[in-house]
Amino acid sequence: MLVVGMIIVIAAGLIVSFSDLRNPRENVQPPNHVSYTVCPFVNPAYVKEWAKEVSGPESLVAVLMKSFNASLDPNYPIALVKKLVEEGKVERVYQRYAYSFANCSKIVSASLGWDMEERYLAVPPIREITPDTKEFDILYGMIYTEMDGKGVVFLYYLSNPATVERVEGISLFYPKNLSIVETTGEIAWRCWHYTENGAEVGSCEGDGRGEFAPTVADTANSVGIKTDGSYGYFVVVFNGTVNDQEGLPISLKIAVVTNGKEVGLPLGRVP
C-alpha cells in the first residue's frame with residue numbers, strides 16, 4: 001500500500017550543492033564542497049553488480065552503505081533492495097522518507113509497504129515536491145529489509161548547511177521484542193524494558209539532551225545514534241523481524257538545529 005504525503009510526478013533528477021560544514025571546529029582550511037544528487041533514475045549496471053555482493057545480512061550492511069556513499073543518493077540503496085527482492089535474496093522491504101523545508105517548519109513524507117514486486121518508492125528531487133522552492137533543509141529516511149530472519153534498517157540524512165546549523169542525532173524506536181545485534185553508528189544512549197516484581201519497568205543509559213534526550217516509550221525500546229556532519233548514513237541489524245505486522249513498527253526522530261532553535265523531525269509513528 002502506497003501512502004504519500006502528496007501526489008508526486010517524477011520528471012528528472014536534481015543536483016544541489018552546499019558548503020560542507022563538517023567538523024567546523026577542526027577545519028581551518030576553506031570548507032569543502034558537497035554535492036547531493038537526488039535522482040530517481042539510477043544506473044542499473046551499478047545496482048546489478050552490488051546485488052551480486054550480497055549473500056547475507058552482514059554483506060547487505062556493507063553494500064547498502066557502499067551504494068549510498070557512491071553518490072549520496074538514497075535512490076541507489078532503494079534500487080538495490082528492489083533488485084534483491086526480485087532475485088529472492090531478501091524477504092520483505094519497507095521504505096520511508098521525508099523532506100523538511102521552511103526552516104524545518106514543514107514536512108512532506110511518503111512510505112511504501114511490503115509489496116515491491118511492481119513498484120518501489122523513489123525519492124524525487126525537492127522541486128517535484130514543492131514547486132515553489134528549490135531548497136530543502138533536510139532529507140531523511142529509512143529502508144527496512146528482512147533477510148535470513150533478521151531485520152536490517154538503513155538510515156540516512158542529507159542536510160543543507162545553509163539552513164541547518166547541525167544535526168544532533170537520530171532517535172530510533174523499535175518493538176520491545178527485538179534486540180540490536182549490530183550497528184554501524186555510535187550509540188549515545190539506549191532505553192529498554194524489563195520485568196521487576198511482576199511489573200514492566202523502563203530504563204535508560206547514556207546521555208542526550210533536548211530533542212535527542214533518552215526516551216522511555218511505553219510501546220517501544222529506543223536507541224540514540226550520534227551524527228557528525230551535514231550528511232550521514234547508518235545501518236542497524238536486529239536479532240529478528242517485525243513479523244507480519246501490516247505497517248512498520250519502527251520509527252525515528254532526527255534532532256536538528258535551525259535558526260538557533262532545536263527541532264525534532266519525526267518519520268513514522270514516533271511514540
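Contact here means heavy atoms within 4.5 Å. The legends below describe close-up views of a predicted model.

**Figure 1. Leu 139 and its contacts.** Leaving aside neighbours within four places in sequence, Leu 139 is in contact with Val 38, Pro 74, Tyr 97, Ala 98, Tyr 99, Val 123, Tyr 156, Tyr 157 and Leu 158. Leu 139 also belongs to the largest nonpolar core, which has 41 residues. Together with Tyr 97, Tyr 99, Val 123 and Leu 158, Leu 139 touches the most other members of that core. Helix H3 (residues 75-86) supplies the largest share of this core, six residues. Another core, of 32 residues, lies apart from it and includes Ala 98, Val 153, Ile 254 and Val 263.

Figure 2. Helix H2 covers residues 57-69. Its 13 residues should span 18 Å at 1.5 Å a residue, and the end C-alpha atoms are 18 Å apart, which agrees. Buried positions of H2 are Pro 57, Ser 59, Leu 60, Val 61, Val 63, Leu 64, Ser 67 and Phe 68. These buried residues pack against helices H1 (44-52) and H3, and against strands E6 (138-147), E7 (150-159), E9 (180-183) and E13 (231-238).

Figure 3. Glu 86 is paired with Lys 82 in a salt bridge whose closest N and O atoms are 2.5 Å apart. Both residues lie in helix H3, separated by four residues, about one turn of the helix. Glu 86 counts as partly exposed because its relative accessibility is 48%, whereas Lys 82, at 15%, counts as buried.

Figure 4. The structure holds 11 salt bridges. In one of them, Lys 226 pairs with Glu 186, with the closest N and O atoms 3.2 Å apart. Lys 226 is partly exposed, with a relative accessible area of 38%. A salt bridge also joins Lys 253 to Glu 211, the closest N and O atoms being 3.1 Å apart. This pair links strand E14 (residues 251-258), which holds Lys 253, to the loop between strand E11 (199-206) and E12, which holds Glu 211. Lys 253 counts as buried at 17% relative accessibility, while Glu 211 counts as partly exposed at 29%.

**Figure 5. Confidence along the chain.** The average pLDDT of the chain is 85, and 85% of the residues score at least 70. Over residues 1-33 the pLDDT is below 50, although this stretch has 73 contacts in the model beyond near neighbours in sequence. Where pLDDT is low, predicted coordinates should not be read in detail.

Conventions. Residues numbered from 1 in each chain as written. Predicted model: local features only at pLDDT ≥ 70, side-chain atom pairs only at ≥ 80, totals over all residues. Heavy atoms only, no water. Core = buried A, V, L, I, M, F, W, Y, C linked by side-chain atoms within 4.5 Å. Buried < 20%, exposed > 50% of the residue type's maximum accessible area, 1.4 Å probe, protein only. Helix = DSSP H or I, 4+ residues; strand = E, 2+ residues; numbered from the N terminus. pLDDT = per-residue confidence, 0-100. Expected span 1.5 Å × (residues − 1). Salt bridge = Lys/Arg side-chain N within 4 Å of Asp/Glu carboxyl O.
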